[in-house]
Amino acid sequence: ASGIAMQEVLENGKASSRLNIKNFIVPRLMSLRECAFINGISFDRLDEIEAFNHELESINYIPKGITVRIPV
């Protein structure tokens, strides 16, 4: 029984540690800050969002149609 309980604890911990990422398609020329705001993400997480989107040429001018990854 304790082995089963330990397995459940490990599986629950593993599931809770996974990041949930949402793909957001930019509807118009926007900044990464605007993308965060529209998706309900606070500005203090902007560094985290930048890390998920390191391939962007500019965080201030993201063209329409680009997919941005937003943590939820």
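**Starting at Arg-69**

I began with Arg-69, which is partly exposed at a relative accessible area of 27%. For the record, buried means under 20% relative accessible area, exposed means over 50%, and partly exposed lies in between (1.4 Å probe, protein chains only). I noted that this is a predicted model, where local features need pLDDT of at least 70 and side-chain atom pairs count only at pLDDT 80 or more, while totals for chains, interfaces and linings use all residues. Residues are numbered from 1 along each chain as its sequence is written, and side-chain values use heavy atoms, with hydrogens and water left out.

What does Arg-69 form a salt bridge with? I found Glu-55, with the closest N and O atoms 3.0 Å apart. A salt bridge here is a side-chain nitrogen of Lys or Arg within 4 Å of a carboxyl oxygen of Asp or Glu. Arg-69 sits in strand 2 and Glu-55 in the loop between helix 3 and strand 2, so the pair ties together parts that are 14 residues apart in sequence. Glu-55 is partly exposed, at 43% relative accessibility.

**The other salt bridges**

I counted three salt bridges by this rule. One of them joins the side chains of Glu-34 and Arg-28 (3.4 Å, N to O). Glu-34 is partly exposed at 31%, and Arg-28 is partly exposed at 42%. Arg-45 and Glu-48 also meet through their side chains, at 2.9 Å from N to O. Arg-45 has a relative accessible area of 28%, and Glu-48 comes to 28% as well.

**Stepping back**

I then looked at the fold: three helices and two strands, in the order α-β-α-α-β from the N terminus. Helices (H or I, at least four residues) and strands (E, at least two) are DSSP runs, numbered from the N terminus. Of the 72 residues, 24% count as buried. I also checked contacts, meaning heavy atoms within 4.5 Å: among those between residues at least 6 apart in sequence, 64% join residues at least 24 apart.

**The core**

Which residues touch the most other members of the largest nonpolar core? Of its 13 residues, they are Val-26, Leu-32, Cys-35, Ile-62, Val-68 and Ile-70. Helix 2, helix 3 and strand 2 (67-71) each give two or more residues to this core, and helix 2 gives the largest share, three residues. Such a core is a set of buried Ala, Val, Leu, Ile, Met, Phe, Trp, Tyr and Cys residues joined through side-chain atoms within 4.5 Å. Leaving aside neighbours within four places in sequence, I found Val-68 in contact with residues including Lys-22, Phe-24, Leu-32 and Asn-53.

Is Asn-39 buried or exposed? Asn-39 is buried, with a relative accessible area of 16%. I located Asn-39 in the loop between helix 2 (32-38) and helix 3 (46-52). A polar atom of the Asn-39 side chain lies 2.8 Å from the backbone oxygen of Cys-35. Not counting residues up to four places away in sequence, Asn-39 touches Lys-22, Phe-24 and Ile-70.

Ser-31 is in the loop between strand 1 (21-25) and helix 2. Ser-31 counts as buried, at 12% relative accessibility. Apart from neighbours within four places in sequence, I saw Ser-31 in contact with Ile-59, Asn-60 and Ile-62.

**Last look**

I ended with Phe-43, in the loop between helix 2 and helix 3. Phe-43 is partly exposed at 41% relative accessibility.

How values were computed. A polar contact is a pair of N or O atoms within 3.5 Å; within protein, one must be able to donate a hydrogen and the other to accept it, and residues adjacent in sequence count only if both atoms are side-chain atoms.
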